[in-house]
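Subject: Structure handover

Hello,

Please find the structure below.

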Amino acid sequence: MPQLSSLESALKHYFGYDSFRPGQQYIVEQALQNRDLLVVMPTGGGKSLCFQLPALLKKGLTVVVSPLIALMQDQVQALQDNGIGATFINSSLSGYQVRSREQAILNSKVKLLYIAPERLLSEKFLPLLDLVHHQIGIAAFAIDEAHCVSEWGHDFRPEYRQLKQLRHRFSGVPTIALTATATDRVRQDIIQQLGLIQASIHIASFNRQNLFYEVQPKQKQSYQQLLQLIRQQSGSGIIYCLSRRRVDEIAFKLKNDGIAALPYHAGLSDRDRFDNQTSFIRDDVQVMVATIAFGMGINKPDVRFVIHYDLPRNLESYYQESGRAGRDGEPARCTLFLNYGDIKTIEYLISQKPNPQEQRIAKQQLRQVIDYAEGTDCRRTIQLAYFGERFIGECDNCDNCCYPKPTQDWTIEAMKFLSCVARCQERFGMSYIIDVLRGAKNQKILQNGHHNLSTYGIGKDRSVDDWRILGRSLLHQGLLAQTTDGYSVLKLNTFSWEVMRRQRSVFVAMTATPQPTTEPQD
Ligand code: ADP
Ligand code: ZN
């Protein structure tokens, strides 16, 4: 297995994650050095880990100030589920519960205590904290939603102002302040109002400016397409595939075609994996063909290209895996091959999952990957939106920005499609609607009597794939909606009705023209 840094091992051990997100590792290191910190990260970016991991690695209790009881309970629950000693004290507890939790703290059973500011600063609670300070030590104060301290923020809470007292009472205990939204003004306020000392400030963005993102429809001759792409690149690259078999096959073919390539997957012996990885890092070979097992803990800053030959599992993995390119800040290229056969295979695999909740999550994740791959907006806008970061397009460093796709007028088809959704009373998913449009004679349609609808069979002139491209494009463009509970039932919105009334035209980008591969899927 690849060598992990000790922090990465701890991350894996406590939280099960393979790698840090941007900024996290550095912040954790600073926290371990007892620095005062201000962390600004988009919502969903992974702020909690920045104080949770240090809390687990340091001696003593970390006190987490959080304004919302619901938020507190969720986080504590999640930590406890991971077997981590965390608890909260708030007004929802009885006197008895509070006392028993306080006792657990004094018995060093708790690493993270979540508490609301007014309770923390109450004359009833501070003496307990004094005791903790002297007996077991306070590792840090983590102030979540730190913008609440500022009148310039959107959620001012006067109690937060009082937190500065902690600095005097518990001098020497570092403070880490975290927020998602902070203008310069709010930032200054946080530092002043909380009395941070020589704070180390981190404003994390997930934007990797030096990476060029592109999506290529996978062609029939997908291996030739890959080979050509690799020949156009200089420097090292990683090719990610979903299965071990495919990794072996592609590595073998590339070698035959004169590209120095090695495979990497969990089916190889430790020894082979180690050797292959070392050859790659030392530039003895140009290309590593790998499953997702490769990358964890690998630090090769000058990877110039990452190609996803198969669809990634979800956008988070895509971001992490493609992000292994260009760590040195120099330009690098991230290419994703999009294949409709892949989507169908993954859909099938999902349908085989026994747990319906898992199925729903997996479907939603697949949906997000498809949205990214088919989207005609700036790729960065789509990726960063996933991490809660707003990026207003035109990055000039993705295929959609550099080569906007030609579009075709599909208004008539869109009207047919949407009317069919309406006739079926907005109770079905895309495949069903397409079946009705194409006049399929399946059982479900006959049972529902939908073969009698006026829209039945009016779309015979177009292929299933064409209709699917249109349907997805309508969703991307917001001209049609879809339930997000995993059932993906199509719903009309006001824009859909405008299209049906001919008040709005529909243009569809022509990238997504499907070219099914002849290769077997595995
Ligand atoms: P924030 O507090 O910044 O809004 P959270 O700390 O709640 O965000 O994290 C958002 C999500 O990201 C959580 O589901 C968390 O489990 C996940 N997450 C955080 N760090 C990582 C990581 N290094 N790898 C994978 N997932 C992560
Ligand atoms: Zn762009």
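Strand β9 runs parallel to strand β12 (residues 303-308), and five bridges join the two. Helices (H or I, at least four residues) and strands (E, at least two) are DSSP runs, numbered from the N terminus. Two strands are said to pair if DSSP finds at least two bridges between them.

Before going on, some conventions. This is a predicted model, where local features need pLDDT of at least 70 and side-chain atom pairs count only at pLDDT 80 or more, while totals for chains, interfaces and linings use all residues. Residues are numbered from 1 along each chain as its sequence is written, and chains are lettered from A and ligands numbered from 1 in the order in which they are written.

Back to the sheet. In β12, V306 is the residue opposite I238. β9 (residues 236-240) also pairs with β11 (residues 287-290), in the parallel sense and over four bridges. There, M288 is the bridge partner of I238, and A290 of β11 stands opposite Y240.

Why is β9 largely enclosed by the rest of the structure? Because five of its five residues are buried. A residue is buried if 20 or more other C-beta atoms lie within 10 Å of its own, exposed if 12 or fewer, and partly exposed in between, with C-beta atoms placed from the backbone. From β9, S236, I238 and Y240 point one way, G237 and I239 point the other way, and all are buried.

These strands belong to an open sheet of six, in the order β8-β13-β12-β9-β11-β10, with parallel pairing. Its edge strands, β8 (211-217) and β10 (261-264), each pair on one side only. On average, neighbouring strands of this sheet are turned by 15° against each other, direction ignored. Axes here are lines fitted to C-alpha atoms, for helices over the stretch in contact, and angles run from 0 to 180 degrees between N-to-C directions.

Two helices go with this sheet. Helix α12 (residues 244-256) lies across β9, β10 and β11 and runs at about 170° to β10. Helix α13 (residues 270-281) packs on the sheet and touches β9, β10 and β11, its direction making about 140° with that of β10. Contact means that the C-beta atoms of two residues, placed from the backbone, lie within 7 Å.

Next, the nonpolar cores. A nonpolar core is a set of buried Ala, Val, Leu, Ile, Met, Phe, Trp, Tyr and Cys residues joined through C-beta atoms within 7 Å. The largest has 56 residues, of which L113, I176 and A177 touch the most other members. Strand β5 (residues 138-143) gives the most to this core, with six residues. A second, separate core of 51 residues includes F212, Y213, L226 and I250.

N400 sits in helix α18 (residues 399-402) and counts as buried because it has 23 C-beta neighbours inside 10 Å. Leaving aside neighbours within four places in sequence, N400 is in contact with T376, D377, C378 and R379. N400 and E214 are 186 residues apart along the chain, and their C-alpha atoms are separated by 7.6 Å.

Finally, the whole chain. The protein chain has 23 helices and 17 strands. Of its 522 residues, 40% count as buried.

Regards
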